[in-house]
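Biologist: Please take a close look at the aromatic pairing in this model. Which rings pair, and where do they lie?

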Amino acid sequence: NALLGRSQIAQIEGEGEQMALALQRDAAAEYARAVAINPRHVQAQYNLGTLLYCLGDLAAGEDHLASAATIEPRFIQARINLAVAYAEQGEAEAAKLELHTALHIAPRHRRVHLNMALLLLSGLLIDEDPETTCKTALIHLRTVVDISPDWAEVSRAPHSRARNGGVSDTC
């Protein structure tokens with residue numbers, strides 16, 4: 001986690017994207033070693049999956065995020081990040097399944113609702129028709145506001161990762 005934290009600090013302090021990427025790669029290598037030693041270490045699987053996803057290796061990131069969700073089925077953030085990885089790879093049904101599973105586990109989890117809405121609005125998840133998609137997204141956004149009336153939380157949503165409208169908590 002220290003390398004991942006240093007990567008985020010490097011970005012904030014303006015040390016440059018190249019340094020941040022190098023630190024993310026170093027952190028991914030460390031987590032890969034941890035996963036090789038103990039494949040059932042849920043946090044290592046999650047962190048490795050998230051880092052690989054952030055580094056653009058969606059398929060490998062997806063594999064490790066799926067492992068984290070399998071090891072700890074109630075790990076909501078793993079399911080959210082996995083859903084985003086699925087959606088960005090065109091696997092809309094798998095993405096919806098992950099988000100619906102997360103909602104079943106934690107029906108009032110604001111990040112699940114927020115990510116569902118943003119993925120619907122980005123076009124990565126499509127309901128039956130555009131109107132239904134928009135209505136469904138609006139329902140999820142209203143739920144976010146009901147859960148957390150502080151709209152500033154929504155405005156700081158983890159959607160700064162712009163690739164294909166993707167949403168991630170750590171990128």
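Modeller: A search of the whole structure finds one aromatic pair, where rings of Phe, Tyr and Trp (its six-membered ring) pair if their centres lie within 6.5 Å. The ring centres of Tyr 46 and Phe 75 are 4.7 Å apart and their planes stand at 40 degrees, so the pair is tilted; planes under 30 degrees apart would count as stacked and over 60 as edge-to-face, the rest being tilted. Tyr 46 belongs to helix α3 (residues 42-54), while Phe 75 sits in the loop between α4 (58-71) and α5 (76-88), so the pair ties together parts that are 29 residues apart in sequence. Helices here are DSSP runs of H or I with at least four residues, numbered from the N terminus. Tyr 46 counts as buried at 6% relative accessibility, and Phe 75 is buried with a relative accessible area of 16%. Buried means under 20% relative accessible area, exposed over 50% and partly exposed in between (1.4 Å probe, protein chains only).

Helix α5 also takes part in a charged pair. Arg 79 forms a salt bridge with Glu 98, with the closest N and O atoms 2.6 Å apart; the term requires a side-chain nitrogen of Lys or Arg within 4 Å of a carboxyl oxygen of Asp or Glu. Arg 79 lies in helix α5 and Glu 98 in helix α6 (residues 92-105), so this pair ties together parts that are 19 residues apart in sequence. Arg 79 is buried at 10%, and Glu 98 is buried at 11%.

The model is predicted: local features need pLDDT of at least 70, side-chain atom pairs count only at pLDDT 80 or more, and totals for chains, interfaces and linings use all residues. Residues are numbered from 1 along each chain as its sequence is written, and side-chain values use heavy atoms, with hydrogens and water left out.

Methods: Helix = DSSP H or I, 4+ residues; strand = E, 2+ residues; numbered from the N terminus.
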